[in-house]
Structures are given as C-alpha cells and as structure tokens.
Amino acid sequence: MRLEHTVKYSTIDKYKGLIKLMRPKQWIKNVFVLAALIFSKKMFDVLSLKEALFAFILFCGISSSVYIINDIADLEKDRKHPKKRFRPLPSGLVKKRHAAILFFILALASLILSFLINANFGIIVLSYFIINLAYTFYLKNIIIIDVMVIAVGFVLRVIAGAEAIGVASSPWLLLCTLLLSLFLAITKRKNEVIVLDNNAKSHRNVLDEYSVKLLDNMLSIVTSSTIIAYSLYTFYAEKGYYMMITILFVIYGIFRYQYLVDSKTFGGSPELAFFEDKPFLINGILYCITVILILYI
C-alpha cells in the first residue's frame with residue numbers, strides 16, 4: 001500500500017510540502033545569475049543591483065517550476081528511490097493536481113515578468129524553460145547529452161544575469177561556468193550510479209549506460225580543464241596578479257566536493273555540500289570576499 005494512502009497530513013504540512021516541492025535549497029544554483037553583476041564591477045550600482053536581484057528571483061521561480069514538472073514526470077520512479085521517495089509527491093504529502101497548479105502559476109508568472117525586464121532576458125528564460133522541459137521528457141535519457149544539458153542551464157543563468165543589467169557576457173566567465181557545471185553534473189551521475197547500484201536502471205534508463213570508471217574518466221578531464229580555464233582567466237583578467245590568489249579557493253572547492261561525493265554522498269545534491277559542510281561553505285565565502293576585494297578596492 002502506498003504511503004499517501006496510510007498517512008494523514010495536516011493543512012500546515014501540505015503547505016510546507018508545496019514549499020518543499022519548489023526546492024528552495026536548490027535556489028543557491030541561481031547565484032550564477034549574479035556572476036555578471038559582480039565581475040562587471042556593478043555590484044554597488046543600485047539600479048543594476050535591483051535588476052540582478054529581480055532576475056535572480058525570476059530564475060528561482062522558473063527553476064522551481066522545472067523541478068515540479070520533473071517530480072511529476074518521475075513520480076513512479078521516485079517512489080523506488082531510497083532518498084527521493086520522501087519528497088512531497090512520492091510520499092503523498094502533496095497531491096499531483098496541486099503540484100500541477102503550482103507548476104503553471106510559477107511558470108506563467110516567471111515568463112511574463114521576465115519579458116517585462118527586457119526581451120533578451122525573457123527569451124533566455126524561455127529557452128531555459130523549453131530546454132529543461134525537453135530534458136525532463138526526453139534528453140535526460142541520452143547519455144552524455146543529459147549532463148551537457150544541465151551545464152547549458154548554468155551558462156544560460158550567467159547570460160541572463162548579464163542581459164538583465166545590460167552588460168556583455170565574458171567568454172572566460174561562460175567557459176568556466178560550463179566546465180564547473182559539467183563537473184557538478186558528472187559527480188551527480190556518479191553519486192546516483194553508486195547509491196542506486198543494481199536499481200539504477202529502474203530509476204533512470206541512462207544510468208545503466210554509465211559506469212563509475214567512465215564517470216571517473218570524464219571527471220578527470222573536466223576537473224583539469226576547469227582548473228586550467230580558471231587559471232588562464234586570472235592571468236588575463238584585470239588585476240590578474242591578485243586574481244591568481246583565488247585559484248587556491250577554486251582548487252580546494254573542487255577537491256573538497258570530490259571528497260564529499262566519495263565519502264559522504266553529497267554528490268546527489270550539490271546544495272547539501274554548500275549548506276551542510278562547513279569547510280566547503282567557508283571556502284565559498286572566502287572566495288567571494290576575496291574576489292570582491294580585488295575587483296572593487
């Protein structure tokens with residue numbers, strides 16, 4: 001008998017379930033929208049700051065709508081997952097029709113408001129939405145393409161942030177974002193393969209195509225490329241001599257995350273590493289502070 005048929009939830013629990021369904025912890029991924037604001041040295045420009053924060057909020061809305069439709073599509077498979085079965089939909093805390101209503105509200109409101117910022121920003125948000133719908137219903141089942149689509153989503157966040165404040169996207173920033181997000185996507189797949197083991201295919205067909213050895217080889221390439229690309233960026237960046245200091249934070253962050261994936265299985269949820277691992281969190285804060293000091297002082 002399914003869990004939702006045996007457990008009674010209060011109204012407050014159901015509202016909490018709707019909030020949890022939006023995955024607010026994963027909104028941390030949308031800080032990539034603010035990257036252009038920081039690196040273009042407009043962080044203390046009031047108008048640019050307002051536009052960037054509004055863009056961040058809209059990306060939180062559109063990304064939450066994507067998470068909801070993904071949970072609806074994967075409902076039966078999530079019930080078999082050792083961790084995802086406790087999510088609001090598989091557990092029965094939130095009904096499918098209520099999730100669908102919330103999806104339409106978030107998606108429609110976010111898209112309309114995005115075009116009010118400017119047309120280019122609206123087109124990028126719409127592209128992000130369409131690509132993720134394609135990912136939910138088809139692309140996530142194609143090996144390698146699945147992790148590349150995830151990476152493209154992060155790149156679109158950076159481009160959207162630049163469009164929101166009217167600055168050009170730095171090629172170096174886009175390249176580093178692409179490689180870093182590939183690193184996160186591949187570690188997520190590795191975690192899923194390890195945790196699900198023989199049940200991987202029942203959760204997602206593409207996981208049967210991956211092996212730990214293949215993913216480790218992919219990680220070796222992407223990890224090296226990320227560090228090299230970021231290092232080259234600092235060499236050519238304004239105040240490059242000082243920006244080279246931040247390479248240490250990037251290397252530590254990448255290695256620390258790999259350690260967490262192998263020893264504490266945070267790889268399935270990157271946001272857990274940020275919120276629950278103090279060394280990783282402190283490193284991220286120190287990186288941001290150092291970059292701001294170098295660029296602005």
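Biologist: Into which domains is the protein divided, and how many Å separate their centres?

Modeller: In this predicted model, the protein is divided into domain 1, covering 10-167, and domain 2, covering 170-296. When the centres of domain 1 and domain 2 are taken over C-alpha atoms, the separation is 20 Å.

Biologist: What is the area buried between domain 1 and domain 2?

Modeller: The size of an interface is often given as the accessible area lost when the parts come together. Here 36 residues of domain 1 are in contact with 34 residues of domain 2. Carbon and sulfur atoms give 70% of the area buried between the two domains, and that area is about 3,100 Å². On the side of domain 1, the residues that lose the most area to domain 2, together 20% of what that side buries, are Phe39, Lys41 and Ile143.

Biologist: How many salt bridges does the rule find across the interface of domain 1 and domain 2?

Modeller: A salt bridge needs a side-chain nitrogen of Lys or Arg within 4 Å of a carboxyl oxygen of Asp or Glu. Asp146 and Arg189 form such a pair, with their closest N and O atoms 2.7 Å apart. Across the interface of domain 1 and domain 2, the number found by the rule is one.

Biologist: Which element gives the largest share of the nonpolar patch on the surface?

Modeller: The patch is formed by Phe54, Ile57, Leu108, Ile112, Leu113 and Leu116, which together have about 580 Å² of accessible area. The elements that give two or more residues to the patch are α3 (46-73) and α6 (96-117). The largest share, four residues, comes from α6.

Biologist: Why does Ile112 count as partly exposed?

Modeller: Ile112 has its place in helix α6. Ile112 counts as partly exposed because its relative accessibility is 48%.

Methods. Residues are numbered from 1 along each chain as its sequence is written. This is a predicted model: local features need pLDDT of at least 70, side-chain atom pairs count only at pLDDT 80 or more; totals for chains, interfaces and linings use all residues. Side-chain values use heavy atoms; hydrogens and water are left out. Patches are made of residues with over 30% relative accessible area and no salt bridge: like charges are joined within 9 Å, nonpolar side chains (Val, Leu, Ile, Met, Phe, Trp, Tyr) within 5 Å. Accessible areas come from the Shrake-Rupley method with a 1.4 Å probe; for residues, only the protein chains shown count as cover. Buried means under 20% relative accessible area, exposed over 50%, partly exposed in between (1.4 Å probe, protein chains only). Domain bounds come from an automatic or database domain assignment. Contact means heavy atoms within 4.5 Å. Buried area is the accessible area (1.4 Å probe) that two parts lose on being put together, summed over both.
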